[in-house]
Amino acid sequence: MKSTRRDLLLLGGGAAAGTLFTPIPWKLLDDVAIRTQNGNWTTPLPRGEVVTRHSLCTLCPSGCGVKARCVNGHPVGLTGLPVHPVSRGTLCPLGYGAHQAPYHPLRLRRPLRLGLASSLEEAAAALAAEIKKGPAVILDERPGRAASALYRRVAAALPGVRYAVPADSGSPDRGVDLESARTVLSLGEPLLDGWGTQGRVLSIWKERRFRVIQAEAELSHTAAMADRWLAIRPGSQHVLAGGLLVALGGTDGIPIEEAAARTGLTPESIAATARELREHGPSLVIGEGAAVAALNGLLDAPLVRRLPAPWQSAEAGAAPVSYEEIANGSVRLAVVDGWATPWETIARKLARGAVVMMLSPFRVGSCELADWVIPAPAVFESLEDALAPSDAKELSWSMGPAIKAAPEGVVEPAEFVARAAGIEGSLESERRRRVEAIFASKRGSVSAFDGGTASAVKDLESAEKLWEVMTAGACWIDDAAAGEASHWAAPSRLARHSAGPVTPLATKLHQESALWATAAGREKEA
Amino acid sequence: MARYGMVIDLDRCTGCGACMVACAAENNVPPAEPRANQRTGITPLRVYRVSNGESGAAERAAFVPMMCMHCGEHTPCESVCPQQAVELDRATGIVDQMPQRCLGCRYCMAACPYHARYFNWFDPAWPAGMERTLNPGVAPRTRGVVEKCDFCHARLHAAEERAAAEGRNVSAADWKPACVEACPSQAIAFGDLDERESETAKLTRDPQSFRWLVKLHTDPKVYYRSRRAWVRALADQGGAVPRKEARNG
């Protein structure tokens with residue numbers, strides 16, 4: 001029998017068709033899929049023992065407690081720390097990606113002078129030469145830390161050097177008793193999406209402890225979730241505050257009819273809001289301006305005056321001034337600890353030929369324009385401490401240990417400045433001074449982050465024992481009765497997230513959804 | 001046997017996005033590729049902003065976290081997958097995705113009525129050093145495969161191991177997905193829907209609870225609840241239009 005070309009084709013075709021009924025092609029496909037996804041070109045995962053560490057998130061001044069799963073000395077996952085009495089086991093959206101921040105592409109690893117690589121020795125020499133000439137200012141973006149005490153000591157020791165804090169910083173002796181509030185009127189503030197310690201505010205709000213009235217032109221996240229949204233004209237928050245002041249019987253307000261015309265609300269709506277604030281108290285008004293302070297006074301708002309910190313008298317240093325209060329064009333050297341202050345704000349105070357030195361973990365924001373940028377430890381890379389946020393009632397002070405090593409070439413900003421200025425002092429001595437003052441005062445209790453229950457300070461045997469507890473990660477919280485209530489305009493933005501580098505993961509919020517990771521981002525879009 | 005599910009309280013969700021970031025960190029989702037957009041990026045859990053369609057002072061908005069609904073019947077993605085890369089685990093009720101089997105045909109994406117599946121258009125890449133922060137329990141997916149929410153299956157495996165070491169079966173109290181853990185307003189309840197007396201199962205029977213597109217009879221195991229009637233009315237319209245897409249036209 002002679003085979004023809006047709007037979008060969010038939011055999012080939014038949015074999016190919018028949019193979020489809022065997023496992024061969026499917027197994028091959030399966031194997032290809034598996035092998036292409038498991039080769040050495042895929043991203044290797046960290047391998048090693050998983051250990052749990054506790055620390056503080058220092059992306060913003062709130063200092064929330066963090067529980068970190070770590071492998072090979074690197075955090076691989078974060079959750080909130082329930083035993084932290086202030087953050088109450090919550091983190092904000094950025095906090096959940098904070099462990100990735102030290103690897104941000106804009107991470108600084110060496111000093112920069114006018115954008116070019118320099119050395120720490122050169123930077124220290126330049127700082128030593130400039131700071132003694134004055135007038136100089138040290139701007140501390142996260143006041144209330146032990147580092148702040150060291151800066152204040154530097155400012156006190158050198159004539160012509162002032163210690164400044166951002167204009168919207170809270171005050172350590174003022175707190176907000178949000179837990180007691182039943183109604184909160186927010187005049188355009190991002191109460192539920194970035195005001196104060198975001199996770200903490202939301203955890204109180206979800207317990208339905210307070211009603212929210214949001215007065216704002218745009219249907220923001222807070223307005224969307226508020227019990228009542230007052231859609232006012234843009235920029236008319238202070239007018240509404242004035243109208244409410246009159247409706248509540250106050251003086252120096254704005255007649256209700258006029259307030260209604262200027263805000264776009266009806267007089268009845270303003271009157272009803274005033275009635276609601278009075279009848280569903282304690283009520284709190286948050287916003288800017290004197291009218292807000294007057295409203296809080298009329299409403300007997302749950303704003304508390306904390307007792308002075310136990311370490312207050314032990315910390316001799318320059319009194320803080322608001323950076324806004326410094327005369328324009330008067331500063332020859334600005335040392336900025338942080339990256340979030342807008343360049344326009346810094347530059348307004350500078351004299352001709354002034355030098356700006358920023359100490360920041362990242363080369364972002366104003367660092368791009370500064371004369372010097374010094375690399376600082378990023379979150380979780382050093383022993384950190386944080387004062388109570390102003391949206392909390394009690395005074396507290398937390399410490400969290402480093403949970404990963406800082407890269408070479410990174411310096412503690414306050415110690416770098418003190419050393420360059422020739423001032424004796426270290427962060428450890430400042431922290432020890434605080435711990436000894438707390439122990440001597442016998443005030444409050446300490447919650448250790450590793451799961452221990454809160455211990456009263458008066459029950460601890462020695463200051464050294466308290467130091468051990470604090471440096472392992474703990475929060476001291478005051479239990480002393482708050483002083484007399486006084487009234488002020490609750491700071492409009494207590495702990496705003498920096499406009500600097502959010503974690504790369506959080507950029508997905510911007511890029512792939514209709515959400516903003518920060519209130520600042522939302523405002524930018526608006 | 002369990003039937004894990006969620007109830008998401010939309011009256012508590014402020015759209016902060018903590019669940020999205022926690023989900024991405026837990027599941028080793030790489031940082032956003034510069035070219036990625038809302039269609040080509042990877043967000044196993046995505047929070048949409050929805051509106052009541054009014055304008056001015058009458059407008060109202062809500063935030064809807066959307067992820068795989070873990071359909072219980074006629075699971076559309078499972079039935080169309082030619083590679084058996086999708087499987088409804090009858091022991092847990094979780095719809096599993098096995099990227100190692102996936103060929104990237106994207107039939108499942110076309111079949112999913114909830115748009116809860118994402119295709120890896122780009123090679124996963126992390127900035128130098130950041131791979132040290134990856135969760136060792138979850139393998140990164142490569143370019144060319146589909147992924148989705150699996151209720152943080154790695155956490156379930158870890159809980160099963162712990163329970164086995166203690167000589168007992170795993171229960172819903174032993175673990176929870178990253179989004180549930182992260183939500184600062186605790187809007188997401190998670191549990192075994194077959195445990196009729198559990199808090200989560202009780203919430204599913206609440207008159208204010210609903211599921212998206214029940215008319216398709218997919219039996220989703222993710223429930224939502226809201227006291228706002230207009231939000232509940234969206235459920236069968238499939239009309240959750242994200243604001244960004246509306247803005248982009």
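Predicted model: local features only at pLDDT ≥ 70, side-chain atom pairs only at ≥ 80, totals over all residues.
Me: Two strands pair if DSSP finds at least two bridges between them, so in S5(A), what is the bridge partner of Arg113(A)?
Reply: Leu116(A) is the partner of Arg113(A). Strand S4 (residues 112–113) of chain A and S5(A) are joined by 2 bridges and run antiparallel. Strands here are DSSP runs of E with at least two residues, helices are runs of H or I with at least four, and both are numbered from the N terminus.

Me: OK, back to strands. What order do the 8 strands of the open sheet take?
Reply: In chain A they go S5-S4-S17-S16-S15-S6-S7-S14, and the pairing is mixed. S5 (116–117) and S14 (321–322) are the edge strands, each pairing on one side only.

Me: What holds paired strands together, anyway?
Reply: Backbone hydrogen bonds, with the strands either parallel or antiparallel.

Me: Which strands does helix H3 of chain A lie across?
Reply: H3 (residues 120–131) lies across S6 (136–140), S7 (161–165), S15 (331–337), S16 (350–360) and S17 (372–375) of chain A, and runs at about 125 degrees to S17(A). For such angles, axes are lines fitted to C-alpha atoms (for helices over the stretch in contact), and the angle between N-to-C directions runs from 0 to 180 degrees. Helix H12 (residues 413–421) of chain A lies across S6, S15, S16 and S17, at about 130 degrees to S16(A).

Me: New topic: how many residues of S3 in chain A are buried?
Reply: 7 of 7, so strand S3 (residues 74–80) is mostly covered. Buried means under 20% relative accessible area, exposed means over 50%, and partly exposed is in between (1.4 Å probe, protein chains only). S3(A) runs antiparallel to S2 (residues 64–71), with 6 bridges joining them. They form a hairpin with 2 residues between them, and Asn72(A) in the turn has a positive phi of about 55 degrees.

Me: What about S20 in chain A, which residues are buried on each side?
Reply: Ser445(A) and Ser447(A) on one side, Val446(A) and Ala448(A) on the other. S20(A) pairs antiparallel with S21 (residues 455–456) over 2 bridges, and 4 bridges join S20(A) to S22 (residues 474–477), also antiparallel. Ser445(A) stands opposite Ala456(A) in S21(A), and Ala448(A) stands opposite Ala474(A) in S22(A).

Me: Last one: is Arg200(A) buried or exposed?
Reply: Buried, because its relative accessible area is 2%. Arg200(A) is found in helix H5 (residues 198–206) of chain A. Leaving aside neighbours within four places in sequence, Arg200(A) is in contact (heavy atoms within 4.5 Å) with residues including Glu179(A), Asp391(A) and Lys393(A).

Key. Residues numbered from 1 in each chain as written. Chains lettered and ligands numbered in written order. Heavy atoms only, no water. Pairing = 2+ DSSP bridges.
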